[in-house]
Amino acid sequence: MSRPIEIRTSPHLKRARTVPQIMLGVVWALLPICAFAVFQFGLSALLLLVTTTAVAMGTEYLFARLSGRGNTLNDWSVVITGLLLGLTLPPGFPLWMAAVAAFVGVALGKSLFGGLGFNVMNAALVGRAFAQAAFPVAITTWTPGFAPGRFQEPIPSTLTPPLMQPIPVKDWIGGLNIDGFTGATPLALQKFQHIEVSGLDLFTGMVAGSAGETSALLIMVCGLWLAYQRLLDWKIPVGVMLGAVLIALPFWLLDGGVYPTPWFVLCSGGLMLGAWFMASDMVGSPETPWGALVYGLFIGALTVVIRLFGGLTEGIMYAILLANAAAPLISAVTQPRVFGTRKERRS
Amino acid sequence: MAETTQPGTGAKPTADPFNRQESLTADTFLRGLWQENPVFVMLLGMCPTLAVTNSAINALGMGLATTFVLLGSGALVSLLRHLIPKQVRIASYIVIIATFVTVVDYAIHAISLELYASLGAFIQLIVVNCIILGRAEAYASKQRLLPTLVNGLGMGLGFTLALLSLGSVREILGSGSLFGYPLFGEDFQPWLVMVLPPGGFFVLGAWLLLFAWLKQRRERRPLASAGATSHG
């Protein structure tokens, strides 16, 4: 297709970014995280990411065709959804469940609202929330990273036949000869046994957890690159981290034996991935400068509140979904004053 | 007794006793099944639709119980339509409906204690099911006995079918069985969410989506063919 010549008024300094360019940038930023996930968890993580991405793309294609919107795959947004969903799932998650999550996420979270730009909530998280509600056991079954032979064969539960219960991984873990793997993530250890994993391991990602959430360092580097490229609003991740620390700090000062250190709160679980890649989703976040900050603070604070006082060990998913729902309200109340006008007084 | 009051109230005999308001056609019956389906089109009776459809047998029980109350109350309201003063009609309808609900309540209790326990308060709550009151107010209070019965049967079966289509999907995915018979063997992984309230919303939404899509397609097709013929 030949593109028409664009005629614009001066200044000709800035080139507007198109949606596919932005989305492709995010995909590039996600690839190192995916690579690390595959390096850490082996074939299973690769299969998981391929499945979620393929099913997400297929669902998007199907629904776009059915609703007469043509092919919407070329804006790359659905690839991000698929990759993000894969990164938030446990590495040994059965592939058929991952496919269900991807289908529900894209269909219910995005396509039914009218596609990109109309969805209220982050599609990847809608899929994950559905999987959490439907398969609560499978989604909290963790396997150790850096298992020997991880590139030759996947974790047994990955290849569970469709609609069947996941193949137990206990024997497989036992056969690995790894000392002291308890099947718990650092978050669960901290919450139920008050054992804190070393901060450095958490930061670099040498722990158990979802496929792509383990290395806080790598996620931060990729996120910073996105922020530098202005592909995400830096106020949102900063707000999330600030909100989390502000809530976590007083509790830690009060009783360091029970409550986690703020550093642990930042680096554990999916907080980093959520803050940099999901909360900053342009569709679901407020567009005003102050709104972005409030939105970030809200997510961070809510995450820590759910972690400390809720039944679940991780809260970032529900925090982001709730904040997505609140985003239109936040941007409505944080509208900046238009230059040259006076603020309206309420009578 | 009902038979004896009927000739008394409808004093003037007409050629066709059933042709007073609406002639009895197949449509009287079929409307409730498809065109005016209480759940999928009118979105009435959402409370039992979402609450008791976690298994097919519950859905069937609730649907048949509602159909019985719909028929009984419809018949009585239709027969008494000239005797009930307009000012107190809602109260009278509720008393009539409540009578039949009590009958159903005791009947289910006697037939199957298991079903009675799993339906719980929702049997008594048939009283406030807006399909029944809506039919009484909009149809039975204006029509003769036979059309009321036929229409009520259609509506009741439409409601039962809708509940059954929700209940089967939720039972198949949520427990891997249909009417209690396991379909997938022992290793089946139940989708927990499907037997919980959110599952009801998901499945109802999916059915509504399907029907809306089918309807849209059917409406679009004659237009497209008309356009083609006008061009040709």
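How many of the 347 residues of chain A count as buried? I looked this up before anything else. The share is 51%. I took a residue as buried if 20 or more other C-beta atoms, placed from the backbone, lie within 10 Å of its own, as exposed if 12 or fewer do, and as partly exposed in between.

**Ground rules.** I am working on a predicted model, where local features need pLDDT of at least 70, side-chain atom pairs count only at pLDDT 80 or more, and totals for chains, interfaces and linings use all residues. Residues are numbered from 1 along each chain as its sequence is written, while chains are lettered from A and ligands numbered from 1 in the order in which they are written.

**Chain A, overall.** I found 14 helices and zero strands. Helices here are DSSP runs of H or I with at least four residues, strands are runs of E with at least two, and both are numbered from the N terminus. I read the C-alpha trace as spanning about 70 × 55 × 35 Å along its principal axes.

**Helix 12 of chain A.** I checked residues 271-278 and found eight of eight buried. Among them are A:Leu271, A:Trp276 and A:Phe277.

**Domains of chain A.** The assignment, automatic or from a database, gives domain 1 as 18-141 + 143-183 and domain 2 as 186-332. Their C-alpha centres lie 20 Å apart. I count two residues as in contact if their C-beta atoms, placed from the backbone, lie within 7 Å. Domain 1 of chain A puts 33 residues into the contact and domain 2 of chain A puts in 27. On the domain 1 side, helix 1 (19-41) of chain A gives the most, with 12 residues. That side divides into 24 nonpolar, eight polar and one charged. Nonpolar means Ala, Val, Leu, Ile, Met, Phe, Trp, Tyr, Cys and Pro; charged means Asp, Glu, Lys and Arg; the others, Gly among them, are polar.

**Chain B.** I found 10 helices and two strands. The order from the N terminus is α-α-α-α-α-α-α-α-β-β-α-α. Buried residues make up 36% of its 232 residues.

**Where the chains meet.** Eight residues of chain B are in contact with eight of chain A. I sorted the chain B side into six nonpolar, one polar and one charged.
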